Amino acid sequence: MRVTAAVLVLAIVMVVAARVEGRERTKRCAATQCHDCIRSPGCVWCMMPTEGMENCQHGASINLTSFCDPIYLQNPQNEVLLERDDDLTMRERKQKANSNEEIIQLKPQRIKLRLRKGEAQNISITYRRANAYPVDLYYLMDLSNSMRDDKDNLVAVSDVLAQTLYNLTDQYMIGFGSFVDKVMMPYADTASGKTPCFGCAPTYSFRNDMKLNNEPDEFKQGVKAAQISGNLDSPEGGFDALMQAMVCKSEIGWRDVARRILVFSTDASFHQAGDGRLAGVVVPNDETCHLNEHGEYTDYDKYDYPSIGQIIKVSEERGINVIFAVLSNPKLYKDLSEQSETFSYGLLSQGSSNVVDLIKEQYESISSEVILTDNSTDDVTIAYSSACKGSEITKTNKCDNIKENNEVTFTLEVTANRCPANGKGSIVEVKTLEDKVILDIEFLCSCDCPPADADKSKCNDHGQIVCGVCACDYGYYGDKCQCGGDGDSGGFSGGNEDLDKRCFASEEETRPCSGRGRCSCGTCLCKEEYVSGQFCECNKRKCSLGTGQDCSGHGVCDCDTCKCDPGFKGAHCQCRDDLACIEKGSDKVCSGHGTCECGKCRCDTQGNETYTGRFCEDCLRCGTGKCSQFKDCVQCIHFGNGPRQHDCNTCMKSEAVDSLNDQVYKGARLCTVEDEDGCYVNFTYRYLERESRDEVFVQTERQCPEPPPILPIVFGVIGTIVAVGLITLLIWKILTHIHDQREYAKFEKESQNAKFNAEENPLYKSAATTVQNPVFDQQQAI
C-alpha cells in the first residue's frame with residue numbers, strides 16, 4: 001500500500017510539474033503576431049492552427065503535425081553556410097616560401113549565418129600555425145644620450161639579428177626609428193644653436209630612420225648613422241613615437257599579410273596624455289600620421305601625448321605586437337604589458353647585449369599563442385571554447401604553446417540577442433592578429449508568409465490578414481481589429497463583458513492585466529516596456545540584479561524567472577553551483593573544511609587550525625601546502641630554470657619583490673624550495689577570496705651557498721702537509737738531541753765514578769816491552 005501511495009504521489013507531482021511547465025511556455029509563446037512569435041526561443045507560428053488553439057505555440061510542448069499543416073507553419077531554423085573554406089597553409093621548413101602565396105591560418109574564412117533570436121548556433125574554426133610566416137620587425141629606439149652604448153651594441157649585433165630573423169622566416173622585413181621628446185620647454189632646451197650634450201644632434205620627437213625592407217646591411221647603416229640626442233626631463237616622448245610608428249602604415253612599410261612586431265627600447269619612463277599641458281599642448285592625440293617627407297613627426301606641438309588606452313586601441317586595431325625591451329623601470333613596463341594581449345615585456349642587460357635573445361624569446365612567445373577576438377555588437381554574443389592541445393574542453397578564446405604546423409580547433413557559440421531595429425544583418429570579424437574569419441549574420445526576425453489579403457472585411461475594414469491574423473491599421477487593435485482608440489474605460493473595454501474577461505489570467509484573478517496594464521477591447525496593454533505577456537504577468541526586471549544583464553549573463557529570462565545555465569544557480573543565476581567548490585580529483589565540497597556559498601568556499605576553523613585556499617585545502621600544518629604546485633612556475637618565470645624552463649606561458653603570473661616580510665605579515669604562506677643549482681628559492685602564496693585566485697610573490701634574490709675557495713684549500717692542504725712534515729722533523733730532532741744529551745751525561749757520570757786505573761787492573765798489560773842489553777850492563781860496570 002505504501003508503495004502504491006508513493007507511486008500515486010509521484011505521478012501527481014509529475015502531472016502538476018508538466019502543467020506548470022506548459023503554462024510557463026504558454027506565457028512565453030503568447031504573441032499575437034507572427035514576427036513577435038518567432039522572436040521567442042522555441043515558439044512556432046501557424047497561419048491556420050487547429051480549431052481552439054492559438055496561433056503561437058511552444059514547439060516542444062505540442063504535436064506539430066496535429067497543431068498545424070506544414071505549409072502554414074512558420075518555424076525558421078538556424079542555418080550555417082560556408083561561403084569560403086580554403087585549405088590551411090601547410091609548408092615544411094625547408095620549403096622555399098613564395099612571396100605571392102596567400103598564407104591561410106584560419107579555416108573557414110567566411111561563414112553565412114541565419115540566426116533566430118535567443119537560439120545558439122555552434123560553429124567550428126580551426127587554426128594552424130603556418131611555418132615561416134612573414135614578419136615585419138620595426139625597432140623603435142630611445143636615442144637620448146644615456147642610450148649611446150645600447151645603440152653601438154645594436155650596430156654590432158645587427159648581422160646576428162638579421163640572421164635570427166632569417167632563421168625564423170625567409171619573408172622578413174626590418175626597419176628602424178628613433179625618438180627623444182617634444183622639442184618644447186620644459187621637455188627639451190630650445191635655445192638656438194644649442195645641443196643637448198657634447199657631440200649630440202639637436203633634439204627631435206620621432207624620426208623614421210629606415211623604412212621596413214629586407215636589406216640587413218641597410219639596417220646596420222641606418223642604426224649607425226642615427227645620431228644621439230638628449231632632453232631635459234627623465235620621461236621620454238616614446239608614446240608620440242609609438243603612435244606614429246603604428247598609424248603611419250605606408251611610411252613605415254607595414255605589410256597587410258605579416259606578423260607585425262614593434263620593439264620599443266628605452267631606459268626611461270614615458271610621457272602620457274595630460275603631460276602636454278606643461279607646454280600648453282591640450283588637444284588630444286588624433287591617432288593619425290603626421291610625418292613629413294624626411295620621416296619626422298612634425299605636429300608634436302599640436303597634439304598631446306597619447307594615452308595608454310589609445311596605444312592599446314591602435315595596437316589591437318592594427319594587429320601590432322609591441323615588445324617593451326627596457327633597461328630600467330621593469331615594474332612599470334611589466335604592469336603595462338599586462339594591459340593588452342598585444343603587449344609583452346623583456347628586460348635588457350646593460351648595454352642591450354641580450355637584445356637578440358630577448359627578441360627571439362618574445363617572438364616565440366607571441367607566435368606560439370593564438371587569441372580569438374571579435375568586433376560583435378550587443379546584437380550578437382559569441383562564446384568561445386577549446387581543448388587547445390589537451391582533451392578537456394574549457395571556455396577559452398586562447399591557446400598557447402602551439403608549434404609550427406600544429407592545429408587547434410575552437411568552438412564558437414553564436415547567439416542573436418535581439419533583432420536590429422533597422423532590420424539589417426551584421427558583419428562580425430573573428431580574428432587573430434594576422435588572420436580573420438568573417439561571419440555574415442542574417443537575423444531571422446520576420447515570417448515568410450504569403451502577401452497580405454486585400455479583403456479588409458475579415459478585419460472589420462480596419463486591417464488585413466497577414467500570416468493568418470489581422471494586422472490592424474493605425475489606431476485599431478483586437479484579434480479582428482474591432483477595437484479603436486476610444487474603446488476602453490477605467491481599465492476595461494467598456495460595455496463588452498466577454499472582451500473584458502480576456503484580460504484576466506484566471507477566474508481567481510481580481511485585477512485585469514495583473515495590475516500592470518489596462519484592458520483595452522479584450523487586450524492587455526502593459527504600462528512599462530519591461531512588462532510583457534498576454535496578461536502583463538511577466539516583469540523582466542525580476543531577472544536582473546541591476547547589472548544590465550538578464551540572469552547575470554548565465555541564463556535566460558523566461559517571463560519573470562531565470563532559467564540558469566548548467567553550473568549556475570540562484571534566483572538570478574548569480575551563483576556557481578556546488579560543483580565549483582569541489583577540487584578536481586576530490587569528491588568533497590570545500591575539501592570537507594568549509595561550506596559552499598554561491599560557488600565560493602567559506603572555510604572553517606577546526607580546532608586550532610584555520611583552513612584557506614579556493615577549496616579550503618590548505619592550512620599552516622598541512623604538509624607543504626601548495627608550495628610544490630607553484631614551485632616549477634616560480635623557477636621558470638623568475639630564474640629561468642626548473643622542469644618548465646621552456647614552457648612558462650601557461651604559468652600563473654607572480655610578482656618579484658626584495659622582501660617577503662610584508663606578505664608573511666598579511667598571512668601569506670612562506671615556501672622555501674631548493675632548485676637544481678642547490679640554491680634556495682623563497683616565495684609566498686595567499687588566496688584572495690574576492691578575486692578567486694592565488695597571489696604569489698617571489699623574493700628576487702636566491703639564497704645560494706658560496707662556492708668553495710679551491711685555491712686556498714689546495715694551498716692550505718699543501719702548506720699543512722709541509723708544516724706537519726717540518727714539525728715532525730723538528731720533534732724528531734729535539735727528541736734525538738735530548739736523547740744524546742742524556743746519554744752523554746750518563747757517560748760523563750759513569751767516567752767520574754770509575755774506582756780503578758790501568759796499573760791496578762789485573763787484566764791490563766802494558767804495550768811497552770823492556771829488553772836488558774847485557775853488553776850495556778858490562779860497559780856501565782867498567
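So, helix α10: its buried residues pack against quite a list of elements, namely α7 (238-247), β11 (259-266), α9 (308-318), β12 (320-326) and β13 (343-347). Bear in mind that this is a predicted model. Which residues of α10 are we talking about? Helix α10 covers residues 330-337, and the buried ones are Tyr 333, Leu 336 and Ser 337. They sit on the same side of α10, because they cover an arc of only 100° around the axis.

Okay, let me step back to the whole chain for a moment. We have 782 residues, and 40% of them count as buried. The chain has 16 helices and 38 strands. If you take contacts between residues at least 6 apart in sequence, 61% of those join residues at least 24 apart. And the accessible surface is about 44,000 Å², with 51% of that belonging to carbon and sulfur atoms.

On to the strands, then. Let's start with β1, residues 43-46. Cys 43 and Trp 45 point one way, Val 44 and Cys 46 point the other way, and all of them are buried.

Who are the partners of β1? One is β2, residues 56-58, which pairs with β1 in the antiparallel sense over three bridges. In that pairing, Cys 43 stands opposite His 58. Another is β3, residues 73-74, again antiparallel, this time over two bridges. Here Cys 46 is the one to look at, as Cys 46 stands opposite Leu 73.

Next, there's an open sheet of four strands, in the order β5-β7-β18-β16, with antiparallel pairing. Which strands are at the edges? Those are β5 (106-107) and β16 (380-386), and each of them pairs on one side only. Further in, β7 (residues 121-128) and β18 (residues 407-416) run antiparallel and are joined by eight bridges.

Pro 108 itself is found in the loop between β5 and β6 (110-115).

There's another cis bond, between Met 185 and Pro 186, with omega about 10°. Pro 186 is in the loop between β9 and β10. That loop also holds Ser 205, with β9 being 172-179 and β10 being 206-213. Is Ser 205 buried or exposed? Ser 205 counts as buried, because its relative accessibility is 3%, and the cut-off for buried is under 20%. So what does Ser 205 touch, leaving aside its neighbours within four places in sequence? The contacts include Ser 178, Phe 179, Val 180, Asp 181 and Val 183, and then Asp 240, Tyr 297 and Tyr 300.

Glu 287 has phi near 60°, a positive value in a residue other than glycine. You'll find Glu 287 in the loop between β11 and α9. Cys 573 isn't a glycine either, and has a positive phi of about 55°. Cys 573 lies in the loop between β29 (568-569) and β30 (575-576), and counts as buried because its relative accessibility is 0%.

Then there's Arg 669, in strand β36, residues 669-674. Arg 669 and Gly 625 are 44 residues apart along the chain, and their C-alpha atoms are separated by 8.6 Å.

Last stop, the surface. There's a nonpolar patch made of Ile 710, Leu 711, Val 714, Phe 715, Ile 718, Val 722, Leu 726 and Leu 729. Together they have about 820 Å² of accessible area. Take Val 722 as one of them: where is it? Val 722 is in helix α15, residues 710-752. And how does Val 722 count in terms of accessibility? Val 722 counts as partly exposed, because its relative accessibility is 46%.

Definitions and conventions. Residues are numbered from 1 along each chain as its sequence is written. This is a predicted model: local features need pLDDT of at least 70, side-chain atom pairs count only at pLDDT 80 or more; totals for chains, interfaces and linings use all residues. Side-chain values use heavy atoms; hydrogens and water are left out. Patches are made of residues with over 30% relative accessible area and no salt bridge: like charges are joined within 9 Å, nonpolar side chains (Val, Leu, Ile, Met, Phe, Trp, Tyr) within 5 Å. Accessible areas come from the Shrake-Rupley method with a 1.4 Å probe; for residues, only the protein chains shown count as cover. A salt bridge is a side-chain nitrogen of Lys or Arg within 4 Å of a carboxyl oxygen of Asp or Glu. Buried means under 20% relative accessible area, exposed over 50%, partly exposed in between (1.4 Å probe, protein chains only). Two strands pair if DSSP finds at least two bridges between them. The arc is that of the directions from the helix axis to the C-beta atoms. Contact means heavy atoms within 4.5 Å.
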